[in-house]
Amino acid sequence: MVKYISAAEVLPLRSLVLRKGAPLDQCVFPADEIAGCFHLGYIAEGGVVSVATFFPEDYPGRGAGGFRLRGMATDPEFSGRGYGAELIKFAINELRSVNASYIWCDARSAAVQFYKKLNFEVISEEFEVPGIGPHFKMISVIEHL
């Protein structure tokens with residue numbers, strides 16, 4: 001089940017997933033002080049097993065109405081069960097209702113296929129995120145019905 005959660009509920013799971021020596025500033029992200037920011041959690045087996053944060057931020061050259069996905073993380077014990085995909089689908093429906101135009105993110109190289117299945121496209125060359133590894137910028141247009 002997907003639900004809105006607080007920034008405090010997001011950070012422990014992000015820290016667990018980014019434990020590979022990532023500096024703390026890679027685990028901290030814009031939170032509730034940004035108007036329009038929201039955090040989602042997938043609740044299963046009595047706890048939060050997947051999280052994602054969305055906040056308004058336009059991608060350069062892509063126009064207004066953008067939202068950035070940041071802080072996507074799934075507990076490794078629950079990986080591959082579709083929880084992350086459910087968070088993104090829920091967010092797209094929520095963002096559609098406020099006339100958002102697109103979602104963009106920095107995706108780990110290993111997650112590119114995951115995002116492509118959710119209609120994201122690669123829009124950059126590969127780049128390195130210190131302490132985490134190679135990434136690509138990706139974007140998905142929100143279709144309005």
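Nine aromatic pairs turn up in this predicted model. In one of them, Phe-38 and Phe-67, the ring centres sit 6.4 Å apart with the planes at 50°, so the pair counts as tilted. This pair links distant parts of the chain, with Phe-38 in strand E2 (residues 38-44) and Phe-67 in strand E4 (residues 66-74), 29 residues apart. Both Phe-38 and Phe-67 are buried, and they belong to one aromatic cluster together with Tyr-4, Phe-54 and Phe-90.

Strand E4 also carries Arg-68, which is buried at 15% relative accessibility. Of the five salt bridges in the structure, one joins Arg-68 to Glu-57, with the closest N and O atoms 3.8 Å apart. Glu-57 sits in the loop between strands E3 (47-56) and E4, so this bridge ties together parts eleven residues apart in sequence. Glu-57 itself is partly exposed, at 28%. Arg-68 also meets Asp-106 in a salt bridge, at 3.1 Å from N to O. Asp-106 lies in strand E5 (residues 102-108), so here the tie spans 38 residues of sequence. At 25% relative accessibility, Asp-106 is partly exposed.

Turning to helix H2 (residues 83-97), Glu-86 and Lys-89 lie three residues apart, about one turn of the helix, and form a salt bridge with a closest N to O distance of 3.8 Å. Glu-86 is partly exposed at 36%, as is Lys-89 at 43%. Elsewhere, shared partners join Glu-57, Arg-68, Asp-106 and Lys-137 into one salt-bridge network.

Asp-106 is also among the residues touched by Phe-136, as are Cys-105, Val-122 and Ser-124. Phe-136 is in strand E8 (residues 133-141) and is buried, at 19% relative accessible area. The C-alpha atoms of Phe-136 and Ser-124 are 5.8 Å apart, although twelve residues separate the two along the chain.

Conventions: Residues are numbered from 1 along each chain as its sequence is written. This is a predicted model: local features need pLDDT of at least 70, side-chain atom pairs count only at pLDDT 80 or more; totals for chains, interfaces and linings use all residues. Side-chain values use heavy atoms; hydrogens and water are left out. Rings of Phe, Tyr and Trp (its six-membered ring) pair if their centres lie within 6.5 Å; planes under 30 degrees apart count as stacked, over 60 as edge-to-face and the rest as tilted. Helices (H or I, at least four residues) and strands (E, at least two) are DSSP runs, numbered from the N terminus. Buried means under 20% relative accessible area, exposed over 50%, partly exposed in between (1.4 Å probe, protein chains only). Contact means heavy atoms within 4.5 Å. A salt bridge is a side-chain nitrogen of Lys or Arg within 4 Å of a carboxyl oxygen of Asp or Glu. Lists of a residue's contacts leave out its neighbours within four places in sequence.
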